[in-house]
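Subject: Structure handover

Hello,

The structure is placed below, followed by notes on what was found in it. Please read the notes with the coordinates open.

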Amino acid sequence: MPMETYWSKNRIGLIHLMGKMGIMLFLPIALFLSPISYLDNTPTICLIKNTVGYECLGCGMTHAIVSIFHGNLDKAIQYNWKVVIVLPLLVTVWGKQLTRLVNNFLLDETKTDISMTSFFI
């Protein structure tokens, strides 16, 4: 493989990786930086609560996660007690996806032309 092609392909892969990582890191950072008072003053977007009038199992989950990010576990449990189950699961899935993303990039970087041609054959 010519050196120009290798570096341009590697640069595109790196840009792609950085874009995906940026998207994955944006939501937790945005939730951490958002004040809980802002969420208290916004109307709910829950379809079940807006149509039926009853709270669903996930109502208050965003408030609870933001409260935990701000270090207020008592208030988080008041919003939705299921956050103690959901947040660890979300963090686990998020961490696995981030690890898989980085590992796939590192594995792609070590591939040779032979493995790529055998993949397409």
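A search of the whole structure finds 1 salt bridge, where a salt bridge is a side-chain nitrogen of Lys or Arg within 4 Å of a carboxyl oxygen of Asp or Glu. The pair is Glu55 and Lys49, with the closest N and O atoms 3.2 Å apart. Glu55 counts as exposed at 55% relative accessibility, while Lys49 is partly exposed at 31%. Here buried means under 20% relative accessible area, exposed over 50%, and partly exposed in between (1.4 Å probe, protein chains only).

On conventions: this is a predicted model, in which local features need pLDDT of at least 70 and side-chain atom pairs count only at pLDDT 80 or more, while totals for chains, interfaces and linings use all residues. Residues are numbered from 1 along each chain as its sequence is written, and side-chain values use heavy atoms, with hydrogens and water left out.

Overall fold. The chain has 7 helices and 0 strands, so a helix here needs its definition: a DSSP run of H or I of at least four residues, strands being E runs of at least two, both numbered from the N terminus. Of the 121 residues, 17% count as buried. The accessible surface is about 9300 Å², and 71% of that belongs to carbon and sulfur atoms (Shrake-Rupley method, 1.4 Å probe; for residues, only the protein chains shown count as cover). Among contacts with a separation of 6 or more, 57% join residues 24 or more positions apart; contact means heavy atoms within 4.5 Å.

Core. The largest nonpolar core has 10 residues: Leu31, Ile36, Leu39, Met61, Ala64, Ile65, Val66, Ala76, Val83 and Leu87. Such a core is a set of buried Ala, Val, Leu, Ile, Met, Phe, Trp, Tyr and Cys residues joined through side-chain atoms within 4.5 Å. Helices H2 (36-40), H4 (61-69) and H6 (83-110) each give two or more residues to this core, and H4 gives the most, with 4. Leaving aside residues up to four places away in sequence, Leu39 touches Thr62, His63 and Val66.

Ser67 also sits in H4 and is buried, at 3% relative accessibility. With the same exclusion of sequence neighbours up to four places away, Ser67 touches Ile36, Asn72, Lys75, Ala76 and Tyr79.

Surface patch. Leu73, Ile77, Trp81, Val84, Ile85 and Leu89 make a nonpolar surface patch of about 590 Å². Patches are made of residues with over 30% relative accessible area and no salt bridge, with like charges joined within 9 Å and nonpolar side chains (Val, Leu, Ile, Met, Phe, Trp, Tyr) within 5 Å. Helix H5 (73-79) and H6 each supply at least two residues of the patch, and the largest share, 3 residues, comes from H6. Leu89 lies in H6 and counts as exposed, at 53% relative accessibility.

Cysteines. The structure holds 0 disulfides, a disulfide being a pair of cysteine sulfur atoms within 2.5 Å. For Cys46, the nearest cysteine sulfur is that of Cys59, 3.5 Å away. For Cys56, the nearest is that of Cys46, also at 3.5 Å. Cys46 is buried, with a relative accessible area of 14%, whereas Cys56 is partly exposed at 26%.

Regards
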